[in-house]
Each structure stands twice: as C-alpha cells, then as structure tokens.
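Student: I would like to go through this model and ask what stands behind the terms used for it.

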Amino acid sequence: GDVLEAIRRERHDLANLREMADLVVDTSNYSALDTRLRFKRLAGSLSGRMTVSLISFGFKHGTPLDVDTLLDVRFLPNPHYDPELRPLTGHDAPVREAVLGAEDCQNFLQKTYDLLSFLIPRYAAEGKTYFTLGIGCTGGRHRSVAITEELARRLRDQDTKIDLFVRHRDVEK
C-alpha cells in the first residue's frame, strides 16, 4: 500500500511505546551503515561502557534533535571564504591546518576536552549509558568536521572506558 500512510499508522501505533522510551534516536539522516553502528554501540553500552557520540553539523541545515549538548564553533574563521579551501572539507589537511592552527581553536579544543573529561565519568556514574555532543558551524563542512575529528582523536587517545561514535551529518551537502 501507501508507504507514507503505513509510516503514519506505525507512528500512531508506537506512540505509547515512544513515551515510555529512555532514548529516542532520530535516524532520518543516517545511512543504513550509520544506523546499524549506532544501535550496535548503544546495545554494547548496556554492558557498562559509556557510548559517546560526536556529531558535526551545519546550523543552516538545522540543529540535530538527538544531542545532549551543543557547541557552536562559528566564532572561528570560516575556510568557506578561502577559494582554495571552499571545495574541501574538514577531512582534508589544508582545511584541518587552517582550522586547528588558530590559537582560539586550540584553546577551545583544550577547554572542550577538559569539559568532556569532567562530564563523561559523572554521567556514567549517574547511570547514563550514552552522551551525544553536537558541534556546529555554518554549513557543517569545514570547522565542525575538523574539530569533531580532533576531539575524537583526543578522546580515543586518552579514554578507553567509552565507545566512541563519530558522524558528520552535513559534510556532503
């Protein structure tokens, strides 16, 4: 039958279950692989390890719905305005160097890492099994991607008591 009508019926039928849920994950913008990995990590977090998700995004595409904390990095110079960097993303070395090379960025990264180092074990001690941090810039292609990757690297290097999940929602938009 009609797919949209089937989705509406399913949402109606599951509304009570959604109200009882401890966690709701909006997978609308996830690929099939991202969805599988996300739920695998969430299931694994029930074993006692905290799942930490870092999501880069662009404010012009809307804020993600499934974040616990959101940080805005639009205070940093925007590589979009450099014609050589515009077609690249935060995954590319020239953009990473432009973003991460700024003194304000290094200070921000250290303060954010310190904040995460403080929050994550305290959330875990309270029984929280997941924590999602959204990091946003204007378009979600340059600054937020580079910063998300650098924070992920720092967390991987220092913390073995978490399962880390990284997603770049708008990098290809």
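Tutor: Start with one side chain. The model is predicted, and in it L151 touches L54, L109, T112, Y113, L133 and I135, with residues up to four places away in sequence left out.

Student: Where is T112 found, and why is T112 called buried?

Tutor: T112 is found in helix α4. Its relative accessibility is 5%, and buried means under 20%, so T112 counts as buried.

Student: What is T112 in contact with, leaving aside neighbours within four places in sequence?

Tutor: L71 and L151. Contact here means heavy atoms within 4.5 Å.

Student: Which residues touch the most other members of the largest nonpolar core?

Tutor: That core has 27 residues, and V52, L54, L133, I147, L151 and L155 touch the most other members. Two or more residues each come from β1 (50–58), α3 (93–100), α4 (103–125), β3 (130–137), α5 (143–158) and β4 (162–168). Helix α4 gives the most, with six residues.

Student: What makes a set of residues a nonpolar core?

Tutor: The members must be buried residues of the nonpolar list, joined through side-chain atoms within 4.5 Å. A second, separate core has five residues, including Y30, L42, I55 and Y130.

Student: How many helices and strands are there, and in what order do the elements run?

Tutor: The chain has five helices and four strands. From the N terminus on, the order is α-α-β-β-α-α-β-α-β.

Student: What share of the chain counts as buried?

Tutor: Of the 173 residues, 40% count as buried.

Note on methods: Residues numbered from 1 in each chain as written. Predicted model: local features only at pLDDT ≥ 70, side-chain atom pairs only at ≥ 80, totals over all residues. Heavy atoms only, no water. Buried < 20%, exposed > 50% of the residue type's maximum accessible area, 1.4 Å probe, protein only.
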